[in-house]
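Open the structure in your viewer and keep the selection tool at hand. The tour goes from one selection to the next.

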Amino acid sequence: MSVKLSALMKERQLLSFELFPPKTDVGMEKLPGTIEKLCEFKPEYISCTYGAGGTNVGKNMDVCKMIQNAGTIPVTHFTCIGNTREGIKEQLQNYLDNGVDHMLALRGDLPFGWTGTGGDFKYATDLVAFVRKEFGDKIEIAVAGSPEGHIACRSLEADIAVLKQKQDNGADYIMTQLCWDMEQFKRWLDAIRTAGVTLPVDVGIMPILDQAATINMALSRNGCVMPRKLCEIISKHWIFPNPFDKAPFDAAVDQKKADFKKAGIEYTIEQIDEYRALGINGIHLYALNKWKDVTDIINQSGIRTLV
């Protein structure tokens, strides 16, 4: 393995980005340019998401290669649900053969309307143990952490116990789900350390740029608390009848979108400040396959000194 990110995290605070494989050919053609722009900030790595049940695995590999060609480390998301032991072994060997030796081990979701089996593994804990057993130290394994608790888990305590299990099974570091509730994040950080979880923590941050995307991300996937301050930003710039309407009757829609984005970027920067002050090991920005807004956030936050 060229570089162990978990070792780097013990030396300094890392900066990284998350991308997703575009659904269209045009999107794929534009992506190398986006990656090039993001690489100007010398990120330690860029991760790439992986479709439900591994549905876009080919495109995922293409994106990982683009990241490699741009000169940084690709970290592939990897889900086990719906997958067999043999299938997982074969896919991971293929990643290794292509020089991709960093992964985020996830349970994942089954594709909508899936009629196959749930696969050989129910949980990410199983996947971590399996990868360690089959590949030893050839692959660095990141695991997800949920500061507010995973919505499928029975309690926050159970979630923390599972995180400790992931560590015991061989995980190298934690990538957190987005969390806007800073008080809860602090409680979670204290709680995982009390539970004996010593892994470095890399914090996932979603830039606040669009009302509908922010609400959707909070409620459709993660059950995230939106603090009063964030709710105020949404309320002050509310697009009528609602931000999900494709043809809103709000006459001031363009101005509201612009003002919301400006306030959202300021909010994101303040959150980055708070996370850095807590001494977390890395900032992992969801780039949403765009570079301009992320560039503004990094430049205004001063997170990177470019000399």
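Begin by selecting Tyr50, Phe78 and Tyr95, which form one aromatic cluster. Keep in mind that the model on screen is a predicted one.

Stay with the aromatic rings for a while. How many aromatic pairs does the structure hold? There are six. Two of these stops need the same way of looking: a pair of aromatic rings is described by the distance of the centres and the angle of the planes.

Select phenylalanine 121 and phenylalanine 130. Their ring centres are 5.2 Å apart, the planes stand at 55°, and the aromatic pair is tilted. Phenylalanine 121 and phenylalanine 130 are both buried.

Next, select phenylalanine 185 and tryptophan 188. Here the ring centres lie 5.6 Å apart with 45° between the planes, so this pair is tilted. Is this pair buried or exposed? Both phenylalanine 185 and tryptophan 188 are buried. Both belong to helix α7, where they sit three residues apart, about one turn of the helix.

Now show the whole of helix α7, residues 182-194, together with helix α6, residues 156-168. The two helices pack at an angle of about 50°, and their axes are 10 Å apart. The pair α6 and α7 is therefore oblique. The crossing of α6 past α7 is right-handed.

To see what touches, select Leu156, Ile160 and Leu163 on α6, then Gln184, Trp188, Ala191 and Ile192 on α7. Colour these contact residues by type: six are nonpolar, one is polar and none is charged. Trp188, from the ring pair in α7, is one of the residues in this contact.

Technical notes:
Residues are numbered from 1 along each chain as its sequence is written. This is a predicted model: local features need pLDDT of at least 70, side-chain atom pairs count only at pLDDT 80 or more; totals for chains, interfaces and linings use all residues. Side-chain values use heavy atoms; hydrogens and water are left out. Axes are lines fitted to C-alpha atoms, for helices over the stretch in contact, and angles run from 0 to 180 degrees between N-to-C directions. Helices (H or I, at least four residues) and strands (E, at least two) are DSSP runs, numbered from the N terminus. Angles under 35 degrees count as roughly parallel, over 145 as roughly antiparallel, 65 to 115 as roughly perpendicular and the rest as oblique. A crossing is left-handed if the near helix is turned anticlockwise from the far one by less than a right angle, and right-handed if clockwise. Contact means heavy atoms within 4.5 Å. Ala, Val, Leu, Ile, Met, Phe, Trp, Tyr, Cys and Pro count as nonpolar, Asp, Glu, Lys and Arg as charged, and the others, Gly among them, as polar. Rings of Phe, Tyr and Trp (its six-membered ring) pair if their centres lie within 6.5 Å; planes under 30 degrees apart count as stacked, over 60 as edge-to-face and the rest as tilted. Buried means under 20% relative accessible area, exposed over 50%, partly exposed in between (1.4 Å probe, protein chains only).
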